[in-house]
Amino acid sequence: RGIVAIVGGAIAECGGAMARALRALGDVRVHIVSLIATGINLTMVVDDEQLKPAMQRLQAAFFDEANER
């Protein structure tokens, strides 16, 4: 299994970050989702073969779309 994480101060402030991440992952099987107490790190555990697609989808959802605005 592999770990992917989204880190940033706005994660906790933006209540939709977890929903946005899970929506972006689509059919990628997520075993664990964790938002740490300080709210700056959203971590997910996925299958090894899904690690690269998961990273690409999260990149597109959180960074590529921001560049289009």
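**Reading contacts and exposure in a predicted model**

In this predicted model, 29% of the 69 residues in the protein chain are buried.

Biologist: Which secondary structure elements does the protein chain contain, and what pattern do they follow along the sequence?

Modeller: The chain has three helices and three strands, and their order along the sequence is β-α-α-β-β-α.

Biologist: Where in the protein chain is confidence lowest, and where is it highest?

Modeller: The mean pLDDT of the chain is 86, with 88% of the residues at 70 or more. Confidence is lowest in helix H1 (residues 10–13), where the mean is 72, and highest in strand E3 (residues 41–46), where it is 93.

Biologist: How many salt bridges does the structure hold?

Modeller: In general, side chains of opposite charge can pair when their charged atoms come close. This structure holds two salt bridges. One joins Arg1 to Asp47, with 3.7 Å between the closest N and O atoms. That pair links distant parts of the chain, 46 residues apart: Arg1 belongs to the segment before strand E1 (2–7), and Asp47 to the loop between E3 and helix H3 (51–68).

Biologist: Is Asp47 buried or exposed?

Modeller: Asp47 has a relative accessibility of 17% and therefore counts as buried, the cut-off being under 20%.

Biologist: Which residue forms a salt bridge with Asp27?

Modeller: Asp27 pairs with Arg57, and their closest N and O atoms are 2.9 Å apart. This pair also links distant parts of the chain: Asp27 lies in the loop between H2 and E2, and Arg57 lies in helix H3, 30 residues apart. Asp27 is exposed, at 64% relative accessible area, whereas Arg57 is partly exposed, at 31%.

Biologist: How many aromatic pairs does a search of the whole structure find?

Modeller: A pair of aromatic rings is described by the distance of the centres and the angle of the planes. Here the search of the whole structure finds zero such pairs. An aromatic ring does take part in another kind of contact: the charged end of Arg20 sits over the ring of Phe62, at 4.7 Å from the ring centre.

Biologist: Which residues form the nonpolar patch on the surface?

Modeller: The patch consists of Met18, Leu22, Val33 and Leu35, which together have about 280 Å² of accessible area. Helix H2 (17–25) and strand E2 (30–35) are the elements that each give two or more residues to it. Leu22 is found in helix H2, and its relative accessibility of 35% is why Leu22 counts as partly exposed.

Terms used:
Residues numbered from 1 in each chain as written. Predicted model: local features only at pLDDT ≥ 70, side-chain atom pairs only at ≥ 80, totals over all residues. Heavy atoms only, no water. Patch = residues over 30% accessible without salt bridge, like charges linked within 9 Å, V, L, I, M, F, W, Y side chains within 5 Å. Areas by Shrake-Rupley, 256 points an atom, 1.4 Å probe, with all protein chains shown as cover. Salt bridge = Lys/Arg side-chain N within 4 Å of Asp/Glu carboxyl O. Helix = DSSP H or I, 4+ residues; strand = E, 2+ residues; numbered from the N terminus. Buried < 20%, exposed > 50% of the residue type's maximum accessible area, 1.4 Å probe, protein only. Phe/Tyr/Trp six-rings, centres within 6.5 Å; stacked < 30°, edge-to-face > 60°. Lys NZ or Arg CZ within 6 Å of the ring centre and 35° of its normal. pLDDT = per-residue confidence, 0-100.
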